[in-house]
Amino acid sequence: MSQNSPSNDLSVVLDDEGVTTDIFVNFMPDTPNNCLVLYDTSYNPSNPKYLLDEPGVQIRSRATTQTTAYNNLLEAFNVLVGKSSFVKNTTRYTGILSQTN
């Protein structure tokens, strides 16, 4: 199991990479109107043959217009998806993939 909250780790990555939209973790406050929220979610279980955790993170965006909300989400997506192996707060991430349902 991951040692840290993946959504907290990834919020730090987004901040480190210069995302300027206000970022919150596991809670969307009433304000500001323009923000991103990262939620820890479950993910499909890993193959038990491999000793890997595959945590899930959902990102939600809120803004005063749909276009702004989409662009804020797209900025986060472009920073995170495809990122190669890195360590954040003592947890090693071997990559970030996107899945849509």
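Analyst: Let's start with a word we'll need a lot: a residue is buried if its relative accessible area is under 20%, exposed if over 50%, and partly exposed in between, using a 1.4 Å probe and protein chains only. By that rule, 28% of the 101 residues in the chain are buried. Keep in mind that this is a predicted model, where local features need pLDDT of at least 70 and side-chain atom pairs count only at pLDDT 80 or more, while totals for chains, interfaces and linings use all residues. Residues are numbered from 1 along each chain as its sequence is written, and side-chain values use heavy atoms, with hydrogens and water left out.

The chain has two helices and five strands, and from the N terminus they come in the order α-β-β-β-α-β-β. These elements are DSSP runs numbered from the N terminus: helices are H or I with at least four residues, strands are E with at least two.

The part I've picked is helix H2, which covers residues 66-80. H2 has 15 residues and spans 21 Å from its first C-alpha to its last, close to the 21 Å expected at 1.5 Å a residue. (The expected span is 1.5 Å times one less than the number of residues.)

Which residues of H2 are buried? They are Ala 69, Asn 72, Ala 76, Val 79 and Leu 80. These five cover an arc of only 95° around the axis, so they sit on the same side of H2; the arc is taken from the directions that run from the helix axis to the C-beta atoms. Here's the general idea: an α-helix has 3.6 residues a turn, so residues three or four places apart point the same way.

E2 is itself mostly covered, with five of its seven residues buried. E2 pairs with E3 in the antiparallel sense over seven bridges, and with strand E1 (residues 22-25) in the parallel sense over four bridges. (Two strands pair if DSSP finds at least two bridges between them.) Leu 36 in E2 is a handy landmark: Ile 23 stands opposite Leu 36, and Leu 36 also stands opposite Ser 61 in E3.

In helix H1, look at Ser 7. Ser 7 counts as buried because its relative accessibility is 0%. Leaving out residues up to four places away in sequence, Ser 7 touches Val 25, Asn 26, Leu 38, Tyr 39, Asp 40 and Val 57, where a contact means heavy atoms within 4.5 Å.

Last, back to the end of our helix: H2 is followed by Gly 82, whose phi is positive, near 90°.
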